[in-house]
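Student: Could we go through how the helices pack in this one, and then look at the aromatic rings? I'd like the cut-offs as we go.

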Amino acid sequence: MELNCSTAEATLAWAGQQNPGNWIGHSHFVALACKNIAANCSDMDADQAYCFGLLHDIGRYAGVSSERHLIDGYRFCMERGWKKAGQICISHAFMIQDIHTSIGIFDVSKEDFRFMENFIQTAVYDDYDRLVQLCDALALPTGFCLLEKRFVDVTLRYGVHPATIDRWKKTLELKNLFEKRIGGSVYTLLPGVLENSFSLEVTV
């Protein structure tokens, strides 16, 4: 099956029926952020970036999980021949290429843990990996947000991890990287970012 905007949207809609939740809205906004930023980078394909954003959390179709959704998504995409999307299902959680920087729980088998550890260490990241990593931190289920709001949102849910500050620093580096590429602030490409960032609504 060819991966394009239509198939990615249909796949996410199907996944939302399997396991409804805030992750669906989050995935839509990640995808839109990816599309808008990639459209302003001369050597990136906006539709491709959109697809990768839609599918980055697709492993959640299998039910509520922590880090298991990463490998579930990888396998889901690889079975369909979507190799890059499969990589991003794992890489989006590791802007630092070290499995021990994870803030989640490894609810996977020992074999799967070892596979993921090696995969993360040896993966070759490109700008699509990096873009989804950034946009994952720019999107709440209700819309776009400032990075700092997303940082707090995630920390309130997952707690403070030894790698938390390093992950924040890396994400800010990614923001700077893409802002140099587009020649301005990424926030100018995210409609409603200020309104949503200062909303009192609490996400779970």
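Student: At roughly what angle do the axes of α3 and α7 cross?
Tutor: The axes of helix α3 (residues 46–55) and helix α7 (residues 127–136) cross at roughly 55° and come within 10 Å, the axes being lines fitted to C-alpha atoms, for helices over the stretch in contact, with angles from 0 to 180 degrees between N-to-C directions. Helices here are DSSP runs (H or I, at least four residues), numbered from the N terminus. That makes α3 oblique to α7, given that angles under 35 degrees count as roughly parallel, over 145 as roughly antiparallel, 65 to 115 as roughly perpendicular and the rest as oblique.
Tutor: Before going on, please note that this is a predicted model, in which local features need pLDDT of at least 70 and side-chain atom pairs count only at pLDDT 80 or more, while totals for chains, interfaces and linings use all residues. Residues are numbered from 1 along each chain as its sequence is written, and side-chain values use heavy atoms, with hydrogens and water left out.

Student: Which residues of α3 and α7 meet?
Tutor: From α3, Gln48, Ala49, Phe52 and Gly53 meet Tyr128, Leu131 and Val132 of α7, where contact means heavy atoms within 4.5 Å.

Student: And where does α9 come in, relative to α7?
Tutor: The axes of α7 and helix α9 (residues 164–182) come within 9 Å, crossing at roughly 115°. On the α7 side, Asp127, Arg130, Leu131, Gln133 and Leu134 take part, and they meet Thr171, Leu174, Lys175, Leu177, Phe178 and Arg181 in α9.

Student: Switching to aromatics, how many pairs are there in the whole structure?
Tutor: A search of the whole structure gives ten aromatic pairs, counted when rings of Phe, Tyr and Trp (its six-membered ring) have centres within 6.5 Å, with planes under 30 degrees apart called stacked, over 60 edge-to-face and the rest tilted. One of them is the tilted pair of Trp14 and Tyr61, at 5.4 Å centre to centre and 35° between the planes. Trp14 lies in helix α1 (residues 5–18) and Tyr61 in the loop between α3 and α4 (68–79), so this pair ties together parts that are 47 residues apart in sequence.

Student: Which residues form a cluster with Trp14?
Tutor: Trp14 forms one aromatic cluster with Tyr61 and Phe76.

Methods
Helix = DSSP H or I, 4+ residues; strand = E, 2+ residues; numbered from the N terminus.
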